[in-house]
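Subject: Structure handover and findings

Hello,

Please find the structure for your files below. My notes on it come after, written for someone who has not worked with it before.

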Amino acid sequence: MSLISLAGELTENGHRLVQRVYYEDTDFSGVVYHARYLHFMERARTDYLRLLGVEQASLAIEGDTEGLVFVVHRMEIDFKLPARMDDILTIETTTEKAGGAKMVLQQEVRRDGTLLIAAKVIIAVINGQGRPRRLPEALAIKFLAAGHKIPTRVE
């Protein structure tokens, strides 16, 4: 199995990651525990960055004298339908906006094309001291180009 398949794939809209639901992801009723969706979406965002060639660890240390870190600032989640053990989920991530000191990502979790979860994730860009800092233009372009969208900058 190639590393690319482990990290999902870049698509014409952004990124797609496929994950299986395991017993550990479910609650006593046999459905996916609501907080586990955060794990699935975090993995997808991390692999999206990885496939764009963005190494988070090196950004935090070497990005420049301030460092650069991405943190979730706000998340809006709509739970539409539950997933169950052994379901195969597809997590799709698209960049809505990138620039200034934040990014806005849209994430969807689907099973066989059926929408289970829709989320809007606002990512703050901070330095090593936890203060807001601008997303470097080269990184903003990578995120915006991933979905071949007309660039929309957040100021």
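The notes below cover confidence, salt bridges, aromatic pairs and one further residue.

How to read the values

This is a predicted model, in which local features need pLDDT of at least 70 and side-chain atom pairs count only at pLDDT 80 or more, while totals for chains, interfaces and linings use all residues. Residues are numbered from 1 along each chain as its sequence is written, and side-chain values use heavy atoms, with hydrogens and water left out.

Confidence

The pLDDT is the predictor's confidence in each residue, on a scale from 0 to 100. The protein chain has an average pLDDT of 88, and 88% of the residues score at least 70. Over residues 150–155 the pLDDT is below 50, and in the model this stretch has 16 contacts beyond near neighbours in sequence. A contact here means heavy atoms within 4.5 Å.

Salt bridges

A salt bridge is counted where a side-chain nitrogen of Lys or Arg lies within 4 Å of a carboxyl oxygen of Asp or Glu. Searching the whole structure gives nine salt bridges. One of them joins the side chains of Glu92 and Arg16, at 3.7 Å from N to O. Glu92 belongs to strand E4 (residues 88–99) and Arg16 to strand E2 (residues 15–20), so this pair ties together parts that are 76 residues apart in sequence. Helices (H or I, at least four residues) and strands (E, at least two) are DSSP runs, numbered from the N terminus.

For accessibility, buried means under 20% relative accessible area, exposed means over 50%, and partly exposed is in between (1.4 Å probe, protein chains only). Glu92 is partly exposed, at 26% relative accessible area, and Arg16 is partly exposed too, at 28%.

Helix H2 (residues 36–51) holds Arg45 and Glu42, three residues apart and so separated by about one helical turn. Their side chains meet in a salt bridge of 2.5 Å, N to O. Arg45 is buried, with a relative accessible area of 8%, whereas Glu42 is partly exposed at 37%.

Arg50 and Asp47 also lie in helix H2, three residues apart, or about one turn of the helix. The salt bridge between their side chains is 2.3 Å, N to O. Which of the two residues counts as buried, and which as partly exposed? Asp47 is the buried residue, at 9% relative accessibility, and Arg50 is partly exposed at 45%. If neighbours within four places in sequence are left aside, Asp47 is in contact with Leu6, Ala7, His15 and Leu17.

Aromatic pairs

A pair of aromatic rings is described by the distance of the centres and the angle of the planes. Rings of Phe, Tyr and Trp (its six-membered ring) pair if their centres lie within 6.5 Å; planes under 30 degrees apart count as stacked, over 60 as edge-to-face, and the rest as tilted.

The structure has four aromatic pairs. One of them is Tyr37 with Phe40: the ring centres are 6.3 Å apart and the planes stand at 75°, so this pair is edge-to-face. Both residues lie in helix H2, three residues apart, about one turn of the helix. Tyr37 is buried at 3% relative accessibility, and Phe40 is buried at 0%.

Another is Tyr48 with Phe143, where the centres are 6.0 Å apart and the planes are at 80°, so this pair is edge-to-face as well. Tyr48 is in helix H2 and Phe143 in helix H4 (residues 137–146), so the pair links distant parts of the chain, 95 residues apart. Tyr48 counts as buried at 1% relative accessibility, and Phe143 is buried, also with a value of 1%.

Phe79 has a part here too: ring pairs link Tyr37, Phe40 and Phe79 into a cluster.

Ala60

Ala60 sits in helix H3 (residues 56–62). This residue is partly exposed, with a relative accessible area of 35%. With its neighbours within four places in sequence left aside, Ala60 is in contact with Gly67, Leu68 and Val69. Between Ala60 and Phe70, which are ten residues apart along the chain, the C-alpha atoms are separated by 8.9 Å.

Regards
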